[in-house]
Amino acid sequence: MEPGSSEVTGYTVVAKYAGVRLLKKVNDDKIIGIGIVGAGFARTTQIPGFRNCEGARVVAITSRHREHAESVAQEFGIEHVANDWKELVARDDVDLVSVVTPPATHMEIVLAALEHGKAVLCEKPMAMDATEAKRMTDHAREADVLALIDHELRFLNSRRKMRAMLHSGAIGTVRHCNYVFRSDYRGVLGTWDWWSDAKMGGGTLGAIGSHAVDSLRWLLDAEVSEVCCVLATHISERPDKTSGTMRAVTSDDAVRMLFRFVDSPLIKGATGAASLSVVESGKLQNQLEVYGSSGAMMVEETGELWHSPAGAGNWRPVDVDPNPIAPGMRDGSWSRGFTALSREIVAALSAGRKTVAGAAKFEDGYRVQLVLDAARTSNESGCWTPIQEAGGRRQEH
């Protein structure tokens, strides 16, 4: 029996895991219940996003520090504060588990959620390495549920229009692309937390580099073939946010990467570069540029989209409808992207669908993780590093 069909009147199969069919009572008026694991980024972005979705309700939250979860629950009127994530993923009223925790904790929480037949939204980077990411991907495929990685920038109207124009030949064959992210928010805040700890998955390569790699793969519809990377830790010590004691920083705060891509109908011999930093002052930048045989395109953090036909000598604005933003969010590309993504997720779950068009699936998260792993290897060796499947085999194209 396939998911969506039923041999039991009034019930539907919502997932299959390890050969076991998971049944849920059909209710056309059902509110999609969301459980949040983590009270940091979830508080500023995910909870406001889901609260803005018709037909959904955040029913439970948990955090490593219960007082944080209780504070967020009180702020947003969330009824249940779970003692831990194990309690949360087992709740019958939770349909979607959103994992908004440090990367080192992702795999255990995601696998447990899948075993309970829950849909999953996992914060990026997906895992600590490609081996973990592949295991999560394989389990999601077996569970047959909606399983997505939170690459919300795909849902910005400006980036979607840029992608459509690229694939319609607006700048010809793609030759090169640049990704620039610049902020000093880690330099200004300055405290030591999990972001400073490589063992917890902290650092710019994972947090920002995963977005850069996913954006390039999605925009060009092409895989990275090899990468050359330099990681830097410019602030080597930070005061502990609780005790004030100085602690060593083991994660990176700046990334410089070069890419080569597999040829495709859109690209031929293309190269790429990414400059990513969370300790550089100046205007916030989250900018993506693509250069082709007959012109160039650029999209900015503001959502402004630009086109420069070959020989034009300047950038011309492209009309784009701005993305709305959910009440309570700070304005920015991530917030606007998640406002759109959260609506699509709720709509899919309400309709009984296990996919969201254009969203980053677990397989995409795995492919991104392969590039991040190669980037770390390149940083250690000082050499160009080919992208290899988990287990050491060079990826197939």
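## The cavity

About 50 Å³ of space lies in the largest cavity of this structure, which is a predicted model.

Ser183 itself sits in the loop between β9 (174–182) and α7 (185–189), and Ser183 counts as buried because its relative accessibility is 10%, where the limit for buried is under 20%.

## Confidence in the model

Across the protein chain the pLDDT averages 92, and 91% of the residues score at least 70. Over residues 1–12, however, the pLDDT is below 50, although this stretch has 30 contacts in the model beyond near neighbours in sequence. A further stretch, residues 17–27, also has a pLDDT that stays under 50, and for it the model has 35 contacts beyond four places in sequence.

Where pLDDT is low, the predicted coordinates should not be read in detail.

## An enclosed helix

Helix α1 (residues 41–51) is largely enclosed by the rest of the structure, because 8 of its 11 residues are buried. The buried residues of α1 are Ala42, Thr44, Thr45, Gln46, Ile47, Pro48, Gly49 and Phe50. The elements that cover them include β3, β4 (56–62), α2 (66–76), β6, β7 (119–122) and α9.

Thr44, one of the buried residues of α1, is touched by Arg330, which also touches Ile325 and Ser335, not counting residues up to four places away in sequence. Arg330 belongs to the loop between β18 (316–318) and α9 (333–350), and Arg330 is exposed, with a relative accessible area of 61%. Arg330 and Gly172 are 158 residues apart along the chain, and their C-alpha atoms are separated by 37 Å.

## Salt bridges

A search of the whole structure finds 21 salt bridges. In one of them, the side chains of Lys30 and Asp95 meet at 3.1 Å, N to O. Lys30 lies in the loop between β2 (20–25) and β3 (32–37), while Asp95 lies in the loop between α3 (85–89) and β6 (96–99), so the pair ties together parts that are 65 residues apart in sequence. Within this pair, Lys30 counts as partly exposed at 30% relative accessibility, whereas Asp95 is buried, with a relative accessible area of 9%.

A salt bridge also joins Glu223 to Arg217, with the closest N and O atoms 2.8 Å apart. Here Glu223 is partly exposed at 23% relative accessibility, and Arg217 is buried, with a relative accessible area of 10%.

## A network of charged residues

The side chains of Glu363 and Arg367 form a salt bridge of 3.0 Å, N to O. Both residues lie in helix α10 (residues 362–381), where they are 4 residues apart, or about one turn of the helix. Glu363 is partly exposed, with a relative accessible area of 29%, while Arg367 is buried, with a relative accessible area of 15%.

This pair belongs to a network of salt bridges that links Lys134, Asp138, Arg141, Glu363, Arg367 and Glu389.

Glu301 is placed in the loop between β16 (295–299) and β17 (305–309). Leaving out residues up to four places away in sequence, Glu301 touches Leu284, Asn286, Gly332, Ser333 and Trp334.

Terms used. Residues are numbered from 1 along each chain as its sequence is written. This is a predicted model: local features need pLDDT of at least 70, side-chain atom pairs count only at pLDDT 80 or more; totals for chains, interfaces and linings use all residues. Side-chain values use heavy atoms; hydrogens and water are left out. Helices (H or I, at least four residues) and strands (E, at least two) are DSSP runs, numbered from the N terminus. Contact means heavy atoms within 4.5 Å. Buried means under 20% relative accessible area, exposed over 50%, partly exposed in between (1.4 Å probe, protein chains only). pLDDT is the predictor's confidence in each residue, from 0 to 100. On a 1 Å grid over the protein atoms alone, a cavity is a set of points where a 1.4 Å probe fits but cannot get out, and a pocket is an open set with protein on both sides within 12 Å along at least five of seven lines; lining residues have an atom within 4 Å of a point. Grid points are joined across faces, edges and corners, and a volume is the space filled by probe spheres set on the points. A salt bridge is a side-chain nitrogen of Lys or Arg within 4 Å of a carboxyl oxygen of Asp or Glu.
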